[in-house]
Amino acid sequence: MVNNSTSTKSKILSILRESKAPVSGEVIAGCSEVSRVAVWKSIQSLQQSGYGITHERTGYVLKEDMQDSLFPWEFGDKESFFFHCIETESTMDEAKKIAESHPQQNHIQIVTADRQTKGRGSSNKKWTTAKGSLACTVITRNTVSAAESRRITMASQIAIAKALKNLTGRTFYTRWPNDVWSSEGKVCGILDELAAQGNLCSWINIGIGVNLSCHPKIKNADQAAFTKGSLSRKKMLLAFLDEFKFQERIACEDSNALEKQWNSLCMDSGKKIKSAENGKEFTFKKINGLGFAVLDSEGKESIVAPGKISLIKEMH
């Protein structure tokens, strides 16, 4: 039985992927509950998108698949939540347009891209998306206060670290303010942006870049998996969204469970770090419930907001 809430393209791909023999347009139309003309138009569109669907004497065959495609129809009945760009300057820019033009939405939406020409990280740094890596922005609409907005970023870091561990068996760590590292280097960068009315957030966009099976040739960079193609973007995105849904609920609660999780995953706790601005050395103690860093310098504690200082991040 095919889910009626999914699109014709999604239904066609499901039918062709499950069949070992050619499937006629008539059978596809019957299973999809659409006309044969609708089937033909959808197959044409899928072919133009890169799927290797051919027509043989007895029906259609999927000869070349795109298993790692991030087109919306790859996500079944959640298709309407997804927006995909083959190429864009930045998924953050696309997500901002969507968030501002759909203010009444009450669920997350996800913008994905195959290529970003002007991907950006924190502090206006350039973000390079290696081929086959995940580049996306999650549009969230939480009724948290603007002062608590960093809790959503914390939730996304935890979700990335846990999803990657579940998929690869490796351990991943949070680093302040918005990174996820392995023991070998940086695997993921996160960028947040929000709009608020009064004290409450209207939306919080979480930009995510994850090096999956390759990484940019820059210092202290790592990738999540060592075998090319062993960790698909689609699998990683779905695993992250599952975990993020859980962590997001915790972030919206009035408890210290979120900061405890974040700090338990932090690779810098109790270790020496340096300011990138003046080289001053601190001991990184933890972050508090708002995502501010608690730093110690010669026995004197200071609480520092994200963006106030930059830290020199090296391997420990």
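**A cis proline, an aromatic cluster and other local features**

P177 turns up in the loop that runs between β6 (173–175) and β7 (179–181). In this predicted model, the peptide bond leading from W176 into P177 is cis, with omega near 5 degrees.

Stepping back to the chain as a whole, the protein has 7 helices and 14 strands. Its C-alpha trace spans about 80 × 45 × 30 Å along the principal axes. The radius of gyration is 22 Å, which agrees with the value near 20 Å that a compact globule of 316 residues would have. Of those 316 residues, 48% count as buried. Among contacts with a separation of 6 or more, 63% are made by residues 24 or more positions apart. The accessible surface comes to about 15,800 Å², and 49% of that area belongs to carbon and sulfur atoms.

Aromatic rings come next, and the count of aromatic pairs is 5. One of them joins Y51 and F71; this pair is tilted, at 6.5 Å centre to centre with 45 degrees between the planes. The pair ties together distant parts of the chain, since Y51 belongs to the loop between α3 (36–48) and β1 while F71 belongs to the loop between β2 and β3 (82–88), 20 residues apart. Y51 and F71 are both buried. F71 also pairs with W73, this time in a stacked arrangement, with 4.7 Å from centre to centre and 10 degrees between the planes. W73 is buried, as is F71. Taken together, Y51, F71 and W73 make up one aromatic cluster.

Leaving aside residues up to four places away in sequence, S42 touches T8, K9 and I12.

N220 has a positive phi of about 60 degrees even though it is not a glycine. N220 is placed in the loop between β9 (200–210) and α6 (233–251). E298, likewise not a glycine, has a positive phi of about 55 degrees. E298 is found in the loop between β12 (293–297) and β13 (300–304). With a relative accessible area of 82%, E298 is over the 50% cut-off, so this residue counts as exposed.

Methods: Residues are numbered from 1 along each chain as its sequence is written. This is a predicted model: local features need pLDDT of at least 70, side-chain atom pairs count only at pLDDT 80 or more; totals for chains, interfaces and linings use all residues. Side-chain values use heavy atoms; hydrogens and water are left out. Rings of Phe, Tyr and Trp (its six-membered ring) pair if their centres lie within 6.5 Å; planes under 30 degrees apart count as stacked, over 60 as edge-to-face and the rest as tilted. Helices (H or I, at least four residues) and strands (E, at least two) are DSSP runs, numbered from the N terminus. Buried means under 20% relative accessible area, exposed over 50%, partly exposed in between (1.4 Å probe, protein chains only). Contact means heavy atoms within 4.5 Å. The radius of gyration is taken over C-alpha atoms; the globule rule is 2.2 Å times the number of residues to the power 0.38. Accessible areas come from the Shrake-Rupley method with a 1.4 Å probe; for residues, only the protein chains shown count as cover.
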